[in-house]
Amino acid sequence: MNNTTQAVTPRVVRMHPADNVAIVVNDGGLPTGTVVPQGVADGLVLRDKVPQGHKVALTDLAPGQAVMRYNVPVGYARQAIPAGSWIHERLLDIPPARALQGLPMATVRPARQEPLEGLTFEGYVNADGSVGTRNLLALTTTVQCVAGVVKIAVERIERELLPLFPNVDGVVGLEHTYGCGVAIDAPGAEIPIRTLRHISLNPNFGGEVMVVSLGCEKLQPDRLLPAGSFPIHDAREKDQGPDGVCLQDDAHVGFMSMVEHIVQSARSHLERLNARRRQTVPASALVVGVQCGGSDAFSGVTANPAVGFMADLIVRAGGTVMFSENTEVRDAVEQLTSRAATPQVAEDIVRELGWYDQYLDRGQVDRTANTTPGNKAGGLSNIAEKAMGSIIKSGSSAISSVLAPGDKLKPDQKGLVFAATPASDFICGTLQLAAGMNVHVFTTGRGTPYGLQACPVVKVATRTDLARRWHDLMDMNAGRIADGEITIEEAGWELFRMVLDVASGRKTWAEHWKLHNALVLFNPAPIT
Ligand code: CA
């Protein structure tokens with residue numbers, strides 16, 4: 001061993017005392033011959049170079065023996081693996097998915113946690129009681145055909161009108177690829193339609209949404225937003241329905257008349273939005289969607305456990321936390337059904353995950369299609385290992401209810417909610433927006449510049465190395481947990497306070513740079 005490798009203290013973490021693997025913490029990994037000095041792996045000598053975030057065998061493993069991480073099997077050894085070896089995905093067989101029959105239903109009663117009183121943030125209170133964290137004008141659209149016109153209208157509104165209305169945070173064109181050329185009555189088509197409807201009702205839009213349509217499309221405005229679907233409005237507007245501009249109207253002569261019509265229609269909405277002020281509201285008004293993307297082996301060691309601790313704090317404060325990502329919880333289904341608050345909630349979990357199994361089956365894949373090359377390079381061997389690190393984001397509360405994709409939370413749906421969505425970052429984010437999310441918390445280990453235009457996204461890095469390189473993209477560094485600087489509990493509290501600050505108007509890095517991804521609808525129905 002040379003002086004360079006002697007200079008760093010080798011560090012590994014084991015998630016559970018029963019685990020027979022540990023994760024290498026050091027930047028750049030650890031070289032062959034490293035003596036791992038501390039704690040769980042006294043005197044262990046590495047037989048291979050082990051990259052950062054990857055697993056090292058703590059004991060000799062026999063062929064077929066379970067590789068235990070988080071005290072659950074994340075794979076089975078394909079061959080004998082001596083202690084000190086690097087365990088990568090080519091040495092493991094993935095455990096089979098748990099059948100959805102015979103699961104423990106609402107069998108675990110999580111200990112009641114002490115309520116958190118007196119915590120508040122500054123938000124925009126809507127007529128329906130929901131609370132926005134941003135004050136945005138949304139232009140919803142029925143079909144992709146209008147997207148180019150809406151983009152130009154939004155640019156004009158930003159340039160000409162927004163300076164007149166300083167209390168409005170921005171203008172959002174809700175662009176998407178749906179609306180025509182689709183089998184609109186096919187099973188599953190209701191998912192993209194209700195997703196668009198419910199995004200229009202997101203608390204950050206204050207009920208002032210406008211609808212821009214083409215005229216001849218399948219998704220007509222009254223199907224997107226049927227009469228009475230605007231409970232967020234006051235009675236006057238409920239009667240009138242949402243304000244609409246139809247590009248094929250005879251009144252439009254030339255392109256500029258369409259743009260002018262949209263810009264002028266925006267004015268009255270901006271006036272009402274501009275009159276709103278933030279006011280002090282209880283933390284119970286938080287609706288936080290949690291998600292991970294670009295995950296590595298540290299996701300389940302640092303950032304996701306911190307998010308889980310934060311999730312428990314939000315539940316204790318009376319708020320709502322949504323966790324999602326079907327393929328990343330599927331391998332932990334019995335942990336979910338057992339933690340359901342009631343047998344009905346457990347059945348709802350089984351229904352949603354069973355539907356998703358069938359959806360994947362129709363495409364001739366299964367949950368193992370989830371892991372990416374980056375996940376594997378980051379030390380996640382397979383979806384079972386990724387799932388165990390992902391589900392920690394949900395914390396330890398009982399699961400109080402379940403949302404189908406595109407569903408919107410009802411006012412009484414508080415606590416920990418399983419919003420069943422695909423794990424794809426943009427699709428999950430889009431569906432959580434539809435559910436009524438007002439702050440998004442997103443963890444990443446490999447790094448992604450992810451953002452949403454409709455809602456602030458707090459990004460949490462799993463590793464100090466990523467947080468250092470992406471210092472102006474990551475809002476928090478949970479890698480300090482692996483570095484031994486802070487505990488999971490301290491990180492959870494820090495994140496919770498940051499969420500309250502962001503809900504009150506503090507900008508995230510993604511907002512600072514105006515970074516955002518497109519809305520991406522989940523459409524399981526055919527395209528025509
Ligand atoms: Ca994701």
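Biologist: Why is Glu-494 called partly exposed?

Modeller: This is a predicted model, and in it Glu-494 has a relative accessibility of 30%. Buried means under 20% and exposed means over 50%, so Glu-494 at 30% counts as partly exposed.

Biologist: What makes Arg-480 buried?

Modeller: Its relative accessibility is 19%. The cut-off for buried is under 20%, so Arg-480 counts as buried.

Biologist: How do you know that Glu-494 and Arg-480 form a salt bridge?

Modeller: Their side chains meet at 2.7 Å, N to O. A salt bridge needs a side-chain nitrogen of Lys or Arg within 4 Å of a carboxyl oxygen of Asp or Glu, so the pair at 2.7 Å qualifies. Glu-494 is in helix α16 and Arg-480 in helix α15, 14 residues apart.

Biologist: What makes Asp-407 and Arg-194 a salt bridge?

Modeller: The N to O distance is 3.5 Å; the limit is 4 Å, so this pair also counts. Asp-407 lies in the loop between β19 and β20 and Arg-194 in helix α3, so the pair ties together parts that are 213 residues apart in sequence.

Biologist: Which of these two partners is buried, and which is partly exposed?

Modeller: Arg-194 has a relative accessible area of 16%, which is under 20%, so Arg-194 is buried. Asp-407, at 24%, falls between 20% and 50% and is therefore partly exposed.

Biologist: Why is helix α3 described as largely enclosed?

Modeller: Because 10 of its 11 residues are buried, the helix is largely enclosed by the rest of the structure. Among the buried residues are Ile-191, Arg-194, Leu-196 and His-198. The buried residues of α3 pack against β12, β13, α4, α10 and α13.

Biologist: How do you know that Asp-27 and Arg-468 are paired?

Modeller: Their closest N and O atoms are 3.2 Å apart, and the limit is 4 Å, so they form a salt bridge. Asp-27 is in the loop between β2 and β3, while Arg-468 is in helix α14, 441 residues apart. Asp-27 has a relative accessible area of 44%, which lies between 20% and 50%, so Asp-27 is partly exposed.

Biologist: How many salt bridges are found in the whole structure?

Modeller: The search finds 26.

Biologist: Why can Ile-152 belong to a surface patch if it is partly exposed?

Modeller: A patch residue needs over 30% relative accessible area; Ile-152 has 34%, so it passes that cut-off. Together with Phe-255 and Met-256, Ile-152 makes a nonpolar patch of about 260 Å².

Key: Residues numbered from 1 in each chain as written. Predicted model: local features only at pLDDT ≥ 70, side-chain atom pairs only at ≥ 80, totals over all residues. Heavy atoms only, no water. Patch = residues over 30% accessible without salt bridge, like charges linked within 9 Å, V, L, I, M, F, W, Y side chains within 5 Å. Areas by Shrake-Rupley, 256 points an atom, 1.4 Å probe, with all protein chains shown as cover. Buried < 20%, exposed > 50% of the residue type's maximum accessible area, 1.4 Å probe, protein only. Helix = DSSP H or I, 4+ residues; strand = E, 2+ residues; numbered from the N terminus. Contact = heavy atoms within 4.5 Å.
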